[in-house]
Amino acid sequence: MDAERPKMTTINGKFRPPTDGTALPTLTFALSDEAARATAPSEALGDFMRAWAPPGTDTWYVLKIDQAQDSGRQSIEASLVVPSVNAWQLGEARLSRIGGRSPEDVNFRHQLYMRIGAAAVAGGRIEAAMKRLLLHMSGSLEPTFADSDDPWKTLDRKLRNAATALGERAADVVKVLDWGQANNIRDIRNDIIHAYWWDYSDVGITRGRVYQDGTSELIQITPEQLDEDCQKLHDYAETLDSAMDGLWLNIYLPRLNEEAAETLEQGGK
């Protein structure tokens, strides 16, 4: 008799609290049991189940994420298919669009990828700058990156220890590391680089994050917040990198700014 009982599925939706003081979004699920199906738009539900839902799908929900007005975040309404597993995490869900990507999706993807790319470049520069500083402080006459090939967290710890040991000579480095810690620079980078991005239009800046301890969450921020995060990464990279001026092999590309200005001026005559 137990096998004839309806399958019960638990869906956990954890959201990252907004950092700008706005209210948390509300999350609702409408289970499409027989009673719910009877009140659902039959044409929309029938088209979804017939043309898009995977064969054998028998659990269908309406997912709604309602954001506070004037929060700058996107409210989302979508269909949700849940296979027969006892529990799911919303932050681990796949995302796609019925009928395939739209031109609006492609345009949104390009804008989003520019921001993610900027964060990736800044993150690489931060790690490179920490390696240079660490090698320089070690006093090695033949410094190589292979001697400091550690992940970000380890590099940060080793660099802080080395700078603290040098005292006043490296006090500015400690101050920069303190700023990075206070502004959660490593977490910002990880949340951008290691996220599963919802790269479709009409879902805002949304991403899922799965952590090593098995937990996950859905993070939604505004475009302005993502731009601010990318700028923090860039500023941190620039500050760390500037400490090695004149102390590390440097390649200088030829000046372009003045030549570009002259070209524009001549073209206007």
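How many nonpolar, polar and charged residues make up the lining of the largest cavity? The views below come from a predicted model, and the first one takes up that question.

**View 1. A look into the largest cavity.** The structure holds one cavity of 30 Å³ or more. About 30 Å³ of space lies inside the largest cavity. Its lining is made by F15, R16, P18, P25, Q67, R73, L218 and Q220. Sorted by class, that lining has four nonpolar, two polar and two charged residues. Rolling a probe the size of a water molecule over the atoms is what shows where empty space is left.

**View 2. Around the second largest pocket.** Here the space comes to about 400 Å³. The lining counts 20 residues, and R16, T19, I188, I221 and D229 are the closest to the pocket's centre. Three elements, α6 (185-193), β8 and α7 (223-242), each give two or more residues to this lining. By class, the pocket's lining splits into seven nonpolar, five polar and eight charged residues.

**View 3. The three-stranded sheet.** Follow the strands across and you get the order β6-β7-β8, an open sheet with antiparallel pairing. β6 (196-197) and β8 sit at the edges, each pairing on one side only. Between β6 and β7 there are two antiparallel bridges, and W197 has R207 in β7 as its bridge partner. Strands of a sheet pair through backbone hydrogen bonds, either parallel or antiparallel.

**View 4. The β7-β8 hairpin.** β7 (residues 205-210) runs antiparallel to β8, and the two are joined by six bridges. Look for I205, which stands opposite I221 in β8. Five residues lie between the two strands of this hairpin, and G214 in the turn has a positive phi of about 95°.

**View 5. Both sides of β8.** Is this strand mostly covered or mostly open? β8 (residues 216-221) is mostly covered, with six of its six residues buried. In a regular strand the side chains alternate between the two faces of the sheet. On one side of β8 you'll find S216, L218 and Q220, and on the other E217, I219 and I221, all of them buried.

**View 6. Helix α3 from end to end.** Spanning residues 103-138, α3 has 36 residues. From its first C-alpha to its last, α3 reaches 53 Å, close to the 52 Å expected at 1.5 Å a residue.

Technical notes: Residues are numbered from 1 along each chain as its sequence is written. This is a predicted model: local features need pLDDT of at least 70, side-chain atom pairs count only at pLDDT 80 or more; totals for chains, interfaces and linings use all residues. Side-chain values use heavy atoms; hydrogens and water are left out. On a 1 Å grid over the protein atoms alone, a cavity is a set of points where a 1.4 Å probe fits but cannot get out, and a pocket is an open set with protein on both sides within 12 Å along at least five of seven lines; lining residues have an atom within 4 Å of a point. Grid points are joined across faces, edges and corners, and a volume is the space filled by probe spheres set on the points. Ala, Val, Leu, Ile, Met, Phe, Trp, Tyr, Cys and Pro count as nonpolar, Asp, Glu, Lys and Arg as charged, and the others, Gly among them, as polar. Helices (H or I, at least four residues) and strands (E, at least two) are DSSP runs, numbered from the N terminus. The expected span of a helix is 1.5 Å times one less than its number of residues. Buried means under 20% relative accessible area, exposed over 50%, partly exposed in between (1.4 Å probe, protein chains only). Two strands pair if DSSP finds at least two bridges between them.
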